[in-house]
Amino acid sequence: MEHPPPAPITGIDTFAALDIRVGTIADARPFPEARKPAIQLWIDFGPAIGIRKSSAQITRHYTPDQLIGRQVLAVVNFPPRQIGPFTSEVLTLGVPDSSGEVVLIRPDHPVSDGGRLF
């Protein structure tokens, strides 16, 4: 798989404006109404943020049952996005495998939900 070129150089303030947090997937369900295969996620980001929803196109490597209890990283300060009948409130983060399919990003060790990436 060919990767896109690097993004233009930017300042630390641009990175700091993104609120990327760790959360634990509390529930995961198939999303048959989505145009592309997806899974609906309910992610617990701890008491300050609570549970937020996300639609993730991750069906190549994951099933809903495999995801419950897994920690993931997500951008929590983007505006909600309507995807069919579902409102996605956070952007769950991943990187492409050799075929361009999403592999989720998660911490190497368990950490407290709501911890911010720095």
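**Figure 1. Salt bridge between Arg116 and Asp19.** In this predicted model, the side chains of Arg116 and Asp19 meet in a salt bridge, with an N to O distance of 3.4 Å; the term denotes a side-chain nitrogen of Lys or Arg within 4 Å of a carboxyl oxygen of Asp or Glu. Arg116 belongs to the segment after β9 (102–104) and Asp19 to the loop between α1 (12–17) and β1, so the contact ties together parts that are 97 residues apart in sequence. Helices (H or I, at least four residues) and strands (E, at least two) are DSSP runs, numbered from the N terminus. With a relative accessibility of 39%, Arg116 counts as partly exposed, whereas Asp19, at 13%, counts as buried. Buried means under 20% relative accessible area, exposed over 50%, and partly exposed in between (1.4 Å probe, protein chains only). Residues are numbered from 1 along each chain as its sequence is written. Because the model is predicted, local features need pLDDT of at least 70 and side-chain atom pairs count only at pLDDT 80 or more, while totals for chains, interfaces and linings use all residues; side-chain values use heavy atoms, with hydrogens and water left out.

Figure 2. Through shared partners, salt bridges join Asp19, Arg21 and Arg116 into one network. Arg29 pairs with Asp27 in a salt bridge whose closest N and O atoms are 2.8 Å apart. Arg29 is partly exposed, its relative accessible area being 40%. Across the whole structure, the search finds three salt bridges.

**Figure 3. Aromatic pairs of Phe86.** Rings of Phe, Tyr and Trp (its six-membered ring) pair if their centres lie within 6.5 Å; planes under 30 degrees apart count as stacked, over 60 as edge-to-face and the rest as tilted. By this rule there are two aromatic pairs. The ring centres of Phe31 and Phe86 are 5.5 Å apart and the planes stand at 55°, so this pair is tilted. Phe31 lies in the loop between β1 (20–30) and β2 (39–44), and Phe86 lies in strand β6 (residues 86–88); the pair links distant parts of the chain, 55 residues apart. Phe31 and Phe86 are buried, the latter with a relative accessible area of 5%. For Trp42 and Phe86, the centres are 5.7 Å apart and the planes are at 80°, so the pair is edge-to-face. Trp42 is in strand β2 and Phe86 in strand β6, so the pair ties together parts that are 44 residues apart in sequence. Trp42 counts as buried, at 18% relative accessibility.

**Figure 4. Charges over the rings of Trp42 and Phe86.** The charged end of Arg29 sits over the ring of Trp42, 4.3 Å from its centre. Lys53 lies over the face of Phe86, at 5.1 Å from the ring centre. A charge sits over a ring if NZ of Lys or CZ of Arg is within 6 Å of the ring centre and within 35 degrees of the ring normal.

**Figure 5. Nonpolar surface patch of Ile12, Phe15 and Leu117.** Together these residues have about 290 Å² of accessible area, computed by the Shrake-Rupley method with a 1.4 Å probe; for residues, only the protein chains shown count as cover. Patches are made of residues with over 30% relative accessible area and no salt bridge, like charges being joined within 9 Å and nonpolar side chains (Val, Leu, Ile, Met, Phe, Trp, Tyr) within 5 Å. Phe15 lies in helix α1 and is partly exposed, with a relative accessible area of 38%.
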